[in-house]
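This report goes through selected helices and residues in turn. The sequence and the structure come first.

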Amino acid sequence: MSELIEQVGDLVREAAQTVVLPLFTKLDPSDVHEKAPGDLVTIADQRSEKLLTEGLLRILPGSTVVGEESVAEDPGLLRRICETGPVWLVDPVDGTGNFACGKTPFAVMAALIQDGDLCAGWILDVTRDRMAVAERGSGAWVDGTRVTTRADPVPATELRGAVMLKYLPDEMAAEIEMRAGNVAAILPSQHCAGAEYPDVVSGVQDFVLFWKTLPWDHAPGVLFTREAGGVARRLDGTEFQVTDPKKGLLVAANDDIWADVRSALLGNFKI
């Protein structure tokens, strides 16, 4: 793995160990706020993003950082992901709702894009200190060990995966609930994309279906999944692009599983 991969990995771990983990289960009520209805931010998010932003700009001078909390304060910053040159995406605490309630999982994540294309991604499961990294064209790794998804086709009736029903349009959610018996199990959301993607790669689950696809939530996991041999596509079958604001994303361990889950859960439903 490249020197940059190691440097950013060290920085992500620093943010987790010096800012995030010390505040886990120790937040005061005044340390937690709603930045939008049902969308929490804590002092850990803010401090972690500051540390990561400063560190990433040192690692790659001349780059741009687009962080979740910075965009919450100034939505116009999101347009920078479409600019040319290197841009960092930062999710300082993925799974803030879990974190604020003293629950796991939660993660610290970052991704690097160049001219809108995914180049590298980092996902740290904070409480396990487990680092998932990916570099375009170089594979996916967990704590230094290369990982790959399952390559075999599996009958839909044996497939298990999570669906973010809460955020789906009502008609789509109803369709999936009606067709849920076509797969082995629809699992509850972990409320942490940084846990869902590694679970697809490791085989804990075979797929995950998202509706909201904010770039910092999905860029690291999409690249990690792709480099491990999996797929991440919009519900119309087009490949995920980090600069595309469309909603809906189905992630699966391989092409066959993606197609079978898409058919099993949505059939001919018009997207």
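## Helix H6

The buried residues of H6 are Ala 193, Gly 194, Ala 195, Glu 196, Tyr 197, Pro 198, Asp 199, Val 200 and Val 201. The model described here is a predicted one. H6 spans residues 193-202 and is mostly covered, with 9 of its 10 residues buried. After H6 comes Gly 203, which has a positive phi, near 95°.

## Phe 207 in strand E12

Phe 207 belongs to strand E12, which covers residues 207-210. The relative accessible area of Phe 207 is 0%, so the residue is buried.

Setting aside neighbours within four places in sequence, Phe 207 is in contact with Leu 159, Arg 160, Gly 161, Ala 162 and Val 163, among others. Its contacts also include Ala 185 and Val 200, as well as Leu 250, Val 251, Ala 252, Val 261 and Leu 265. Val 200 is also one of the buried residues of H6. Asp 244 lies 37 residues from Phe 207 in sequence, and the C-alpha atoms of Phe 207 and Asp 244 are 21 Å apart in space.

## Packing of H5 and H8

Helix H5 (residues 170-179) packs with helix H8 (residues 255-266) at an angle of about 100°, and their axes are 7 Å apart. H5 and H8 are therefore roughly perpendicular to each other, as angles of 65 to 115 degrees are classed that way.

On the H5 side the meeting residues are Met 172, Glu 175, Ile 176 and Arg 179; on the H8 side they are Ser 263, Ala 264, Leu 265 and Leu 266. Sorted by class, this contact has 5 nonpolar, 1 polar and 2 charged residues. Leu 265 is also among the residues in contact with Phe 207.

## Helix H2 and its cap

Helix H2 runs over residues 43-59, a total of 17 residues. From first C-alpha to last, H2 reaches 24 Å, close to the 24 Å expected at 1.5 Å a residue. The N-terminal end of H2 is capped by Thr 42, with a side-chain oxygen 3.1 Å from the backbone nitrogen of Ala 44.

Ala 44 is itself buried, as are Ile 43, Asp 45, Ser 48, Glu 49, Leu 51, Leu 52, Gly 55 and Leu 56 of H2.

## Asn 98 in helix H4

Asn 98 is found in helix H4, residues 96-100. Asn 98 counts as buried because its relative accessibility is 5%, and the cut-off for buried is under 20%.

The Asn 98 side chain reaches the backbone oxygen of Gln 190 at 3.0 Å. Beyond neighbours within four places in sequence, Asn 98 is in contact with Lys 103, Thr 104, Pro 105, Gln 190, His 191 and Cys 192.

Terms used. Residues are numbered from 1 along each chain as its sequence is written. This is a predicted model: local features need pLDDT of at least 70, side-chain atom pairs count only at pLDDT 80 or more; totals for chains, interfaces and linings use all residues. Side-chain values use heavy atoms; hydrogens and water are left out. Axes are lines fitted to C-alpha atoms, for helices over the stretch in contact, and angles run from 0 to 180 degrees between N-to-C directions. Helices (H or I, at least four residues) and strands (E, at least two) are DSSP runs, numbered from the N terminus. Angles under 35 degrees count as roughly parallel, over 145 as roughly antiparallel, 65 to 115 as roughly perpendicular and the rest as oblique. Contact means heavy atoms within 4.5 Å. Ala, Val, Leu, Ile, Met, Phe, Trp, Tyr, Cys and Pro count as nonpolar, Asp, Glu, Lys and Arg as charged, and the others, Gly among them, as polar. The expected span of a helix is 1.5 Å times one less than its number of residues. Buried means under 20% relative accessible area, exposed over 50%, partly exposed in between (1.4 Å probe, protein chains only). A polar contact is a pair of N or O atoms within 3.5 Å; within protein, one must be able to donate a hydrogen and the other to accept it, and residues adjacent in sequence count only if both atoms are side-chain atoms.
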